[in-house]
Amino acid sequence: MKRLLVSLITAATVVLGISIAQGSVVIGGTRVIYPAEKREVSVQLQNSGEEPALVQAWVDSGNPDVSPDNSEAPFVIQPPISRIEPGQGQVLRLSYTGSNPLPKDQESVFWLNVLDVPPNPGSTDGEAPENFLQLAIRSRIKVFYRPEGLEGDVSDAREEVQWSVSGDVLRGNNPTPYHVTVSRLLLTNGTEVSIPTGEGMLAPGESQTFDLPSGAPSSITSFKMTTINDYGARVVTDVSVGR
């Protein structure tokens, strides 16, 4: 669907002579870690384009359709709206309000939204084209609120996940107080077979199932799991499977 949309936009641009204005603001990182003992954490934005950008930022609790005004996430962002000049940056300050008490024995996850609205083509030089298409780009990254004194170490959480196979289903159980983000599951018994991971996030104390593809071997004793750590780096772990 995304490829079709891109093709339609490209065709319209060529046939109708439409100028396109699209976002160019980049978030410095793929996730935000919020230690509970901090009053606030900072998120760096950078405008890599050649035009000014208007940016709106807010946090939601997991519903991508909620508007900034209706979000119940217990965080505030300063500034919520900002203009970033070409080649310049903007620091967002994210603060936990405490309005919605969060668990103290495990992480909580939220989403940071950054909406990048580019200027109208020609708005900076006064020569706006007759036809133009303005594309506002929204980026969403995870915000992990991490209480003090959690049991274990977040870097070891991936190795604590317990895996089992039942029929055509692979189940992962996360007994740790940390979220484990899985980006890839790869069977390596003979021929390599990837297991679809979907969103691939194992929440604290919860289980998630993954459907084994048709090419999976009948007996699975191990596989390779790729997870994403606090710094956005991918870490590969050899996993043994229980029955």
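This report walks through the salt bridges of a predicted model.

## Opposite charges in pairs

Side chains of opposite charge can pair when their charged atoms come close.

How many salt bridges does the count come to?

## Arginine 140 and aspartate 60

Take a look at arginine 140, which forms a salt bridge with aspartate 60. The closest N and O atoms of this pair are 2.9 Å apart. Arginine 140 belongs to strand 11 (residues 137-146) and aspartate 60 to strand 5 (residues 53-60), so the pair ties together parts that are 80 residues apart in sequence.

Now find glutamate 107, which makes a salt bridge with arginine 146; here the closest N and O atoms are 2.7 Å apart. This pair also links distant parts of the chain. Glutamate 107 sits in the loop between strand 8 (89-96) and strand 9 (108-117), while arginine 146 is in strand 11, and 39 residues separate the two.

Both glutamate 107 and arginine 146 are buried.

## Arginine 158 and glutamate 159

One more pair to look for is arginine 158 with glutamate 159. Their side chains meet in a salt bridge, with an N to O distance of 3.6 Å.

Conventions: Residues numbered from 1 in each chain as written. Predicted model: local features only at pLDDT ≥ 70, side-chain atom pairs only at ≥ 80, totals over all residues. Heavy atoms only, no water. Salt bridge = Lys/Arg side-chain N within 4 Å of Asp/Glu carboxyl O. Helix = DSSP H or I, 4+ residues; strand = E, 2+ residues; numbered from the N terminus. Buried < 20%, exposed > 50% of the residue type's maximum accessible area, 1.4 Å probe, protein only.
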